[in-house]
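Q: Can we go through the ligand site, with a reason for each label?
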Amino acid sequence: MSNYDLHTHSNISDGLLPPAALVERAATAGVSTLALTDHDDVAGLPFARAAADRLGIALVNGVEISVTWRKRTIHIVGLQIDPQHQPLVAGLAAIRQGRAIRAQRMADSLAQAGIPDALAGAYRYADNPEIIGRTHFARFLVHQGYAKDVRTVFRHFLVGGKPGYVAHEWAALADAVQWINAAGGIAVLAHPGRYDLGRQLLPELIGEFKAAGGRAIEVVTGSHTPDQYALFARYAQEFELLASRGSDFHGPGESYVEPGALPPLPPSLLPVWHDWT
Ligand code: AMP
Ligand code: MN
Ligand code: MN
Ligand code: MN
């Protein structure tokens, strides 16, 4: 049986497991083809590939690129990328520099709210300091007792209007899609149900993504409800996009679902992997 999980994170970004341990966990769970899609970094791929080869599962080179579209943060997954392609490498490096600057401002915002030393605190949870992000701040806040778990942190901190939130300009949508396409990859609109865009803006985003060269959309993902599987299956058909499936696994105890533990894609859709050999 094939089981495709095309969206996962290691500790190269904000996952908890090193790439090899992630691949092992996925293989044990029955995943046959796994994409490692760390935020804005491809440094985990060689380690994941070595583990996948050893365990006899297929590894897809992936990345999840942070994008700003009409002042909102959108995530674009790239699958089957060449991780050494120069424009992609340079684009990701620029995003990582932005993360360091944003982290300083997030810590300033938390300090204003009476939470000191958050910058050093967050970096303690970032195994790869280049990808310092909100999840690392969230783990610090949990450890300090401000919330019971990471998910609860994101209700009271680090989101619009709350302490620790700062607006940030990520890459442009068209640039991210172009980096992926130029690197031989397939651009996938990640977890479209999470953007809170409404019935007006959502088709505009999907239309612009497709016009920029995007080819697929996540339909079955860890943060979608069954209603959202159906909704985005309809969008996939309407916009003639390939469909993807991925857990968005970040680590034991922190994620909605384990690797591979998702329903299959609705049968009416063309999977993003339909022509992979
Ligand atoms: P960043 O790219 O640094 O802004 O961090 C975004 C990451 O924060 C996402 O990829 C998730 O891992 C995490 N995140 C965002 N919102 C939530 C939430 N409501 N619950 C749990 N994790 C979240
Ligand atoms: Mn994440
Ligand atoms: Mn994401
Ligand atoms: Mn993700």
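Q: What makes His250 a polar contact of ligand 1?
A: This is a predicted model. In it, a polar side-chain atom of His250 lies 2.9 Å from an oxygen atom of ligand 1. The cut-off for a pair of N or O atoms is 3.5 Å, so the pair qualifies.

Q: How much of ligand 1 does the protein bury?
A: Taken alone, ligand 1 exposes 500 Å². The protein buries 84% of that.

Q: What makes the side chain of Arg134 a polar contact of ligand 1?
A: One of its N or O atoms is 2.8 Å from an oxygen atom of ligand 1. A polar contact needs a pair within 3.5 Å, so this one counts.

Q: What about the side chain of Asp14?
A: Here an N or O atom is 3.1 Å from an oxygen atom of ligand 1. The limit is 3.5 Å, so this pair also counts.

Q: Which helices each supply at least two residues of the shell around ligand 1?
A: Helix 3 (86–112), helix 5 (134–143) and helix 6 (150–156) do.

Q: How do the shell residues divide by class?
A: Six are charged, four polar and one nonpolar. Arg counts as charged and Phe as nonpolar. The shell includes Arg99, Arg102 and Phe154.

Q: Why is ligand 1 said to lie between domain 1 and domain 2?
A: Domain 1 (4–92 + 172–246) and domain 2 (96–156) both give residues to its shell, so ligand 1 lies between them.

Definitions and conventions:
Residues numbered from 1 in each chain as written. Chains lettered and ligands numbered in written order. Predicted model: local features only at pLDDT ≥ 70, side-chain atom pairs only at ≥ 80, totals over all residues. Heavy atoms only, no water. Near = heavy atom within 4 Å. Polar contact = N/O pair within 3.5 Å; in protein donor to acceptor, adjacent residues only side chain to side chain. Areas by Shrake-Rupley, 256 points an atom, 1.4 Å probe, with all protein chains shown as cover. Helix = DSSP H or I, 4+ residues; strand = E, 2+ residues; numbered from the N terminus. Domains from an automatic or database assignment.
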